[in-house]
Amino acid sequence: MNDLVIPAREVFRHFPAALVAGFYAVALVAMGVFAYGCWLRIAKYRAGRPLQHPLATGHRILRSARLIASHATLRKRDAYAGWAHALVFWGFLALLAGTTIVVVDQDILGPLAPGLQFWNGAFYSWNSLILDLMGAGMLAGLAAMAVRRWCFKLPKLDYARADGQGAQARRLAYVRDDWIFLGGLLLIGITGFLVEALRIGADRPPFELWSVLGWQLANGLDALGLSATAAGTLHAYIWCLHALLALAFIAYIPYSKAIHVLAGMASLFLQDPLAGKRLAPVANDAAAAGYRALEDFSWKELLALDACTKCGRCHASCPARAGGWPLSPRDLILDLREHAELALGARSWYQRSKARTGDRIVAGTVVKPGALWACTSCLACVEACPVAIEHVPLIVQLRRSLVEEGALDSNLQGVLEKLARCGNSFGEPQRSRGKWTEGLPFRIKDARKEPVEFLWFVGDYASYEPSVQPVTRAAARVFHAAGLDFGILYEAENNAGNDIRRAGEEGLYQLLVEKNRAALAGARFRQIVTTDPHSYSTLKFEYPEFGATYRVRHLAEVIWEAVGTGRLALKKIPQATVTYHDPCHLSRYTQVTEAPRALLAALGLRLVEMERNGANSFCCGAGGGRIWMTDAGKAERPSVQRIREALQIPGLKYFVVACPKDRSMFRDAAKSVAGGPEVKDLIELIAEALEHGPVAAASRESEKCA
Amino acid sequence: MSGADVVVVCEAGRGQTESANARLIAAGAELSARWGGRLVCLLAGQGIAAKATELCGYADAVYLAEASLYEPYAPLAHLKAVQKLMDDVQPGAVLLGHTYIGMDLAPRLAAKLGVGVAGNCFGLSMEGDAVYFLRPMYRGRVQAKVALETRPYIATFQPGASELPPPNRTGKVTRLDAAPAEGQKVRPLRTIEPELTGIDITKAEIVVSGGRGIGTKDNYALVSDLAEALGGVAACSRPLVDMGWFGTHRQVGQSGNTVKPRLYVACGISGAIEHLHGMKESGIIVAINQDPGAPIFKVAHFGMVGDLNEIMPELIAEVRAARSSSDTK
Amino acid sequence: MKIVTCLKHVPSSAVTPRIAGNRTGIEEEGLSYEVNEPDLYAIEEALYQRSVHGGSVTGITVGPARAKEALHVAYAKGVDQCIHCVDDKHRGTHPARNVRSIGQIVKKLDCDLILAGIQADDDLQGQFGIALAEFLALPAVTAVTEIRANPAQKTLTVVRELGAGFKEELEVDLPCVLTIQFGIRPLRYTPVMAIVRARSRKIESIDALALSPEGERADNPVRVVELSYPKDSGHCELIDGAAPDMARKLVHKLVEAGVL
């Protein structure tokens, strides 16, 4: 050996030329198989239609890079899995980088520019250290994941179908795929370290102290009685094993769960932050509305199907699944994916659809109507998905094609017909929309006739449902007591259309939008305030596309702003332990979670959160048109499950809601649970406070409102 | 039209609707009296000789076409019988019941004769020489007084309402030869009898009926609960049968059953003409509907405008309370 | 099977039309119209038969210009072809002319089956189907609740209602006219977009007067002398208040009346 030992190593240590040649040959084959598999996948995606809007790639790169690097979506509400995956991810990336360095140095620079070779010296040592540590991290992560899968018995990892259909065999194929992936990576990691240990054990170059783990492992092998020569011989075999495993893994990536590595990152890159909140309209010249067959899907959606790793977060958070309906967002994605595999020609070894034909039609066949109609469009699945799969827009598109065929729940059909006739889901005459205002001690301005600061878009339920009208009147009193200059549209207001759009009746939705747009254009106001979260989100996110762009906020935000700036003083109401149920459309859709909580605190109430709160709130089950549908799920209703969740809070007095549909659903649910809490709307509590205490801190000048 | 006879096509026997006869006879008597002609009755069916004899008390002549080919209703055979009678009698008017038979036979007769029909009439109005028929239009929301410009008059009258006056005539029965219609392009295969379910809502004293306003099948429990609380039977209108919730044995209406209970509670029923046919003679009619303009309120004695999901549970509770307190008396 | 289905554009059943000044007609201005409900059942059945036996469905209506909206609904539901017999003079209210117009159009169509709803919601006569059959010299069966077609033998097996829960099963030769009873099969939903799309489809237009000018002399044999609103029987007592009050008051009244 030289005196000046430069840290480096010979890659094909003592290998006969034939073996080296064989290695390259196998590597080539593996790459070929990998490329072919990727090609099949890309061909599958290309069967989809182009995107409707161009991608703004610039800020996406930064955004997705940050998300992926920080693993924010994975660590959200599951730190264990998040950190374990981060270890695996970064470890794998590091090792991949390491292999790339070798390839560049040895296979490219070696023959072409030997003077530029860098994989030696200090670089080599640091490289070895880092890779050892990262490799160990990867193994630790994998081990943690294995423990999680084997020991934790997590419900979200239970692959049993929500609709009880289909053979178990396919699901076991998924389990096999999972363990092959996990086990494969573990084996690669272990053999990698073994190779290193054997090499170090055989040659003991002093600089390999930098390969900390390898060195210690070599010591271990020594202690087991492995001689240097034996290590040397064994090294070749283990090296080949490691190489084969690694190459096999690479080849296997596009045919298995491992594709999520690429598809997941692509999906995060393509993520639409307004997915589900702003749905795609139907093109005016479209022959039919919605998605019927696979080629109606966009390439982004087909790609996203491959990103799913069956993590089960959507499955676990879905209220329809919890309520025993045959819908699981996970199963939806997997069914579509499997069918796409069959129909569009990609090939995976572990995902095989049971369908006998490669017929591309999916609406109503591959995805059953019962599953599609069960969705409440609460966005829990979209919010929970770590790889940004957008389930709800798919469901709405599939629903649209069912509506095209006229195949609807008969109650829903009746409601849609009432809406088309009267502009509200109750079938009540349009002219009695403002009747709830009768009996108020003051007159509410008609925004069509006089200018107001705030246009209060009241909403259907709040206007017509007798059990909700007292809350609407309370809201009016809050507006009044807070000195806000407000008015309503009276009978010119129609249902905002949020749930109709999500039920798949796009034509009726656009009709309602047009009516509302005209009514709003004919009224004079500065901003819109709502007390109905469903109206709020569609007015905010979807109406601008139809030419109705306004500033929209929830009453809670406006009141909190008034309180926060000292313009309004809230008296405290008698202390009580309360919990707050975030409405889907206020938490996940419009992200208004702070104002209601701040108000509850200002009222002097003791807020104890339920386990599922904020963006993780559990839907009452009324959204997406479900409130108009009659089929029941096999388990307890989501609203009842939620009340039970609330009852775990000792001494709970009030279950506070901020949405008319929530109020109806939970009042009903609380009746069927013994010891059910009293359901109060946030507005009722504020009204109580305002009416029993001092009113505006400052004058009632409407101009002072933000 | 002096001296012109009036033919009334009455119904009797299986599958025919006898409740139209009274009104037909009343209208026919009025008209024939005005014209100074005879009131002639036609009966076509099987095993109805007794009815023919009974009708002799109300008509000047009863023509009886009795043969198996008239049961069930055979349009062309019945038509032929009417035409044969008309050849003999040359009436100024032919009146039929607005029943399944009348609704089919009257237009056929009119088409054959090339005359007009006033269908679904609920009354007759004679002003001077003119004869006007009173009938509904636009789902019963508007009433029309119509004149027939062609002769003979052909009109169908809604069943129910009148009771037969005491017998005041002495007609004779004349048998008509049964003549099968030739060249049958429509061939009967079999008659489907209504299912014997043991439930006969026509015998109940109290009927609580649900309509489209009920909404969902589960919600129908409100109707059955109220029926139970009142000690009556639960029934429904046609839409619920069309949706497959119930069979026709529970249906009140023209295509179902005609009921005349002491108390009829209509929940979420708008009061379509066909339904009213089946219950408007009930003793006391209570209507619960959220539409104040629903036609049911025109025949109801007590009406409650509102959401039946709010009203009915309260009503059930009140009824139970009232009955239990009366039980303890 | 080539099926023709006849529709009528009638005032919406949910509103009470206003009676015109001359009291012999209604105010069409501002009134909303819809497809006659029994005709919707006829369309639904026609489409079902097409899905089973193949062929085509043609929709026909007689009426003024606005009646083309009825054909838009027919197109939206899936009908293949629509014909509008434009009758601006009588506006589709003259029964004999309606029969003659549609009859002459249908004669040239050489169809197997003609369907219509059992009655029109506006005139409530139930005559049209039979009169059309008479005009075309075809057999007719009314109040049909089930159709099983045997196109090969050119017959149909139909079930018709007889009243009082009785039904009859009959065999009918094709071609024939059937009038369809409510509820023959559930009405599917017609999405708004389908109707919007249907508005741009071509409707064949035939002028009623040009079709049968000699019929001009024929007066309507049923002449409306006077229209009026049904008088309230006068005996409906509306009970008001909140639900618990309503219930209490009603029970009180029923007890008083001796019913309870």
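Predicted model: local features only at pLDDT ≥ 70, side-chain atom pairs only at ≥ 80, totals over all residues.
Residues are numbered from 1 along each chain as its sequence is written, chains are lettered from A and ligands numbered from 1 in the order written, and side-chain values use heavy atoms, leaving out hydrogens and water.

Back to A and B. Five residues of chain A are in contact with four of chain B, with contact meaning heavy atoms within 4.5 Å. Together the two chains bury about 420 Å², 41% of it on carbon and sulfur atoms; that's the accessible area (1.4 Å probe) that two parts lose on being put together, summed over both. On the chain A side, E428(A), P466(A) and T630(A) lose the most, together 52% of what that side buries.

Now, inside. The largest nonpolar core has 124 residues. By that I mean buried Ala, Val, Leu, Ile, Met, Phe, Trp, Tyr and Cys residues joined through side-chain atoms within 4.5 Å, and buried is under 20% relative accessible area (1.4 Å probe, protein chains only). I559(A) is among the members touching the most others; leaving aside residues up to four places away in sequence, I559(A) touches V478(A), L568(A) and I686(A), among others. A second, separate core of 44 residues includes C10(B) and I19(C).

Last, chain C: 57% of its 260 residues count as buried.

Methods:
Buried < 20%, exposed > 50% of the residue type's maximum accessible area, 1.4 Å probe, protein only.
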